[in-house]
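Please review the briefing below alongside the sequence and the three-dimensional model. The points are grouped by topic for reference during modelling work.

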Amino acid sequence: MTSPVFIFDFDSTLVRIETLEALADIALSDAPDAAAKKAEIAALTDQAMTGQVDFGTALRRRLDLLALNRSHVEALTDRILDEASASIRRNVDFFERHAERVYILSGGFREVIAPLAARLGIAADHVLANDLIYDAEGRVTGVDDANPLSRENGKPEVIKALNLTGPVVMVGDGWTDAEVKLAGAASRFYAFTEVVSRPKVIEVADATAASLDEVLFAEGVAGRWSYPRNRIRMLLLENIHPAAVERLEEAGYSVETMKGALDEDDLIEAIKGVHVLGIRSKTNVSARVLEQADRLLAVAAFCIGTNQIDLEAAAEHGVAVFNAPYSNTRSVVELAIGLTIVLMRDVADKSAAMHQGQWNKSATGSRELRGKTLGIVGYGAIGSQLSVLAEGLGMRVIFHDLSERLALGNARRMRSLDALLAEADVVSLHVDGRKDNADVIGAAQFAKMKPGVLFLNLSRGHVVDVDALAEALKSGRIAGAAVDVFPEEPRTNADPFASPLQGLKNVILSPHIGGSTEEAQEAIAEFAAERLLGYLNRGDTTFCVNLPNVQLAEVSRAHRLLHIHRNQPGVLAELNRALSSAGLNILGQHLKTDERTGYVITDVDRDYDPEVLKVLRDLPGTVRFRMLH
Ligand SMILES: NC(=O)c1ccc[n+]([C@@H]2O[C@H](COP(=O)([O-])OP(=O)(O)OC[C@H]3O[C@@H](n4cnc5c(N)ncnc54)[C@H](O)[C@@H]3O)[C@@H](O)[C@H]2O)c1
Ligand SMILES: O=C(O)[C@H](O)COP(=O)(O)O
């Protein structure tokens with residue numbers, strides 16, 4: 001079968017700008033009537049692109065409004081590579097490989113197009129565009145009137161004159177591109193909507209393409225990615241920072257967001273057809289949810305904790321789970337320090353009294369941090385950082401951890417929790433949210449603490465018996481507490497909150513905001529989005545919390561087969577037998593297993609019978625099979 005000739009429009013297709021509007025921004029930057037002129041130019045562009053004004057008239061009227069000169073055009077030309085549309089940037093490889101069957105056809109200007117054409121490997125004689133005419137002073141006086149592209153219906157005329165063989169595929173956003181189809185000069189016309197969507201153009205198109213990946217997928221051309229990225233749906237819950245949306249959309253994925261968390265039934269409904277779910281600490285991804293997720297490839301916890309996700313069930317379904325283990329740790333530590341000082345000085349109650357008109361200046365019970373003993377339970381990423389900062393403020397630090405952890409600075413490891421409780425003036429909990437940690441601190445532990453101790457929990461709600469804490473506070477054994485996390489937390493800001501700790505003296509309650517700083521949320525968004533992109537685009541499972549971790553480079557000029565299977569004997573041998581009997585040439589292979597799951601990544605030469613993919617999908621033990629190219 002002859003592969004098609006691809007003809008691409010330039011403005012709002014290969015690039016995300018309209019040339020004349022961008023030139024207007026440059027040329028009119030100091031003009032007093034800039035706004036009015038720009039509006040007129042934008043209106044003319046729109047009228048031409050929707051077929052309301054003929055293209056030639058619109059072009060000349062816009063040029064007349066601009067008083068362009070060579071330096072304006074050069075300024076745009078210099079930055080045109082940065083303006084390439086996202087899916088074009090992702091698919092440079094396609095252009096390079098098919099350059100001899102690719103044309104750029106544009107009512108725009110050859111010199112503006114040239115740098116991008118060169119970057120895509122498209123020869124100068126495959127760039128069909130208007131030529132600007134300059135006078136001796138470098139002022140633009142118009143375009144070459146003899147060029148059909150400076151007129152209505154110029155594009156079909158130019159294509160026909162090329163006498164192309166084989167199917168012709170036209171890709172563009174505007175009416176002049178639709179004219180190609182209407183004049184019978186293209187076999188198929190894709191209305192390109194990545195930059196702008198024009199209903200009148202879509203109406204006459206054979207198909208709509210929200211990205212170049214869509215066109216390549218529909219045309220059966222091996223693009224940069226096997227499946228159009230915009231068809232991969234991502235659902236981000238719980239008010240995840242917009243930086244994540246930006247990054248994932250820039251990479252071509254379709255992202256939907258919701259502010260709050262969802263309960264199990266609503267989540268099951270919401271993730272139908274969703275490939276990637278983004279959550280924070282309040283969405284429970286249960287085995288039942290995973291069971292019914294029909295497309296789910298990955299879950300990203302845009303936070304540290306993953307106790308809200310059934311990690312084992314996710315692995316059984318081949319769903320990779322990622323988190324951001326470090327991005328908000330500093331925020332939690334700063335809050336813990338601040339809360340400790342506020343508790344030591346009883347600032348919260350004194351402030352509340354002042355709001356009621358009471359002046360209560362007194363030093364009784366107020367203490368400095370300096371020289372006090374801080375007992376940190378859980379000496380991981382947060383606990384150990386808190387240790388360093390607290391020492392910097394003059395505290396003595398002791399800690400207890402189930403695992404062997406390096407004591408930082410002068411911190412002293414305590415062999416038992418009880419030993420720590422007996423010595424600490426302040427107890428701060430920083431254990432992880434594993435199920436076994438339920439009620440790690442209850443009545444018995446409060447009884448072992450020093451009278452007058454201060455208590456902080458910024459880890460997980462279920463690790464403390466809150467009723468026992470309330471009793472210990474009421475009895476005065478505990479002098480104050482700061483609690484940021486609760487066994488039951490409202491799913492959204494609109495839901496009510498209730499706790500036995502409400503109304504107690506020297507108790508600071510905060511709505512799970514330990515990691516809620518702008519810095520942390522942005523850093524989490526970037527980190528977790530990168531993990532997702534690494535997994536979707538390369539199969540990379542670095543930092544994955546439930547599948548074997550494999551760090552992978554981008555697949556280049558090969559197809560990558562990603563096979564997740566139950567860790568049972570013989571799967572790798574079977575897989576390689578299938579590959580070898582199909583005559584596939586293996587370019588590279590990685591295997592990593594944990595006690596439950598195996599993950600094999602095989603890069604193969606591109607030419608093979610696609611039937612082999614079915615065999616791999618059906619291999620005994622297969623949990624999930626995916627291919628990237
Ligand atoms: N309040 C917030 O907004 C917020 C923000 C970030 C993290 N967190 C929570 O803070 C906690 C700590 O986070 P991290 O990043 O430091 O986790 P981490 O996994 O790095 O460290 C947890 C440490 O606790 C230890 N541990 C677990 N159970 C223990 C137990 N029963 N006794 C003693 N040690 C135990 C582990 O061995 C580990 O060293 C987690 O629960 C996390 O979900 C809360
Ligand atoms: O696990 C975490 O990182 C914290 O508990 C923060 O959770 P959040 O993103 O829901 O605030």
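Val615 counts as partly exposed because its relative accessibility is 42%; buried means under 20% relative accessible area, exposed over 50%, and partly exposed in between, with a 1.4 Å probe and protein chains only. The residue is found in helix 25, residues 611-618. Helices (H or I, at least four residues) and strands (E, at least two) are DSSP runs, numbered from the N terminus. Val615 and Leu575 are separated by 40 residues in sequence and by 8.7 Å in space, C-alpha to C-alpha.

This is a predicted model, in which local features need pLDDT of at least 70 and side-chain atom pairs count only at pLDDT 80 or more, while totals for chains, interfaces and linings use all residues. Residues are numbered from 1 along each chain as its sequence is written, chains are lettered from A and ligands numbered from 1 in the order in which they are written, and side-chain values use heavy atoms, with hydrogens and water left out.

**Overall architecture**

- The chain has 25 helices and 24 strands.
- Along the principal axes, the C-alpha atoms fill a box of roughly 95 × 70 × 45 Å.
- Of the 629 residues, 54% count as buried.
- Among contacts in the chain with a separation of 6 or more, 63% are accounted for by residues 24 or more positions apart; contact means heavy atoms within 4.5 Å.

**Surface and charge**

- The accessible surface comes to about 27300 Å², and 50% of this area belongs to carbon and sulfur atoms. Accessible areas come from the Shrake-Rupley method with a 1.4 Å probe; for residues, only the protein chains shown count as cover.
- The chain carries 67 positive and 87 negative charges, whose mean positions are 5 Å apart. Lys and Arg count as positive and Asp and Glu as negative, whereas His and the chain ends are not counted. The place of a charge is taken as NZ of Lys, CZ of Arg, CG of Asp or CD of Glu.

- A cavity is a set of points, on a 1 Å grid over the protein atoms alone, where a 1.4 Å probe fits but cannot get out; lining residues have an atom within 4 Å of a point.
- The largest cavity has a volume of about 140 Å³, a volume being the space filled by probe spheres set on the points, with grid points joined across faces, edges and corners.
- The lining of the largest cavity consists of 16 residues, and Asp11, Met49, Phe55, Gly107 and Gly108 lie nearest its centre.
- Helix 2 (19-27), helix 4 (55-66) and strand 2 (102-109) are the elements that give two or more residues to this lining. Strand 2 provides the largest share, four residues.

**Positive phi angles**

- Ser12, placed in helix 1 (residues 10-14), has a positive phi near 60° although it is a residue other than glycine. Ser12 counts as buried because its relative accessibility is 4%.
- Asn506 lies in the loop between strand 19 (478-483) and strand 20 (507-509). Its phi is also positive, near 45°, and Asn506 is buried, with a relative accessible area of 6%.

**Packing of helix 13**

- In helix 13 (residues 242-250), the buried residues are Ala243, Ala244, Val245 and Leu248.
- These buried residues pack against strand 9 (233-236), strand 10 (254-257) and helix 23 (518-538).

- Val463 lies in the loop between strand 18 (453-457) and helix 22 (466-474) and counts as buried, at 1% relative accessibility. Leaving aside neighbours within four places in sequence, its contacts include Leu429, Val431, Ile441 and Asn457. The C-alpha atoms of Val463 and Ile41 are 63 Å apart.
- Leu164 is found in the loop between helix 9 (154-162) and strand 6 (168-172) and is partly exposed, with a relative accessible area of 23%. Not counting residues up to four places away in sequence, Leu164 touches Val5, Ile7, Tyr103 and Ile159. Val5 is 159 residues away along the chain, yet the C-alpha atoms of Leu164 and Val5 are separated by 7.7 Å.
- Phe217, in helix 12 (residues 212-218), counts as partly exposed at 36% relative accessibility. Phe217 and Trp175 are 42 residues apart in sequence and 24 Å apart in space, C-alpha to C-alpha.

Technical notes. 1 Å grid on protein atoms, 1.4 Å probe; cavity = no way out; pocket = protein on both sides within 12 Å on 5 of 7 lines; lining within 4 Å.
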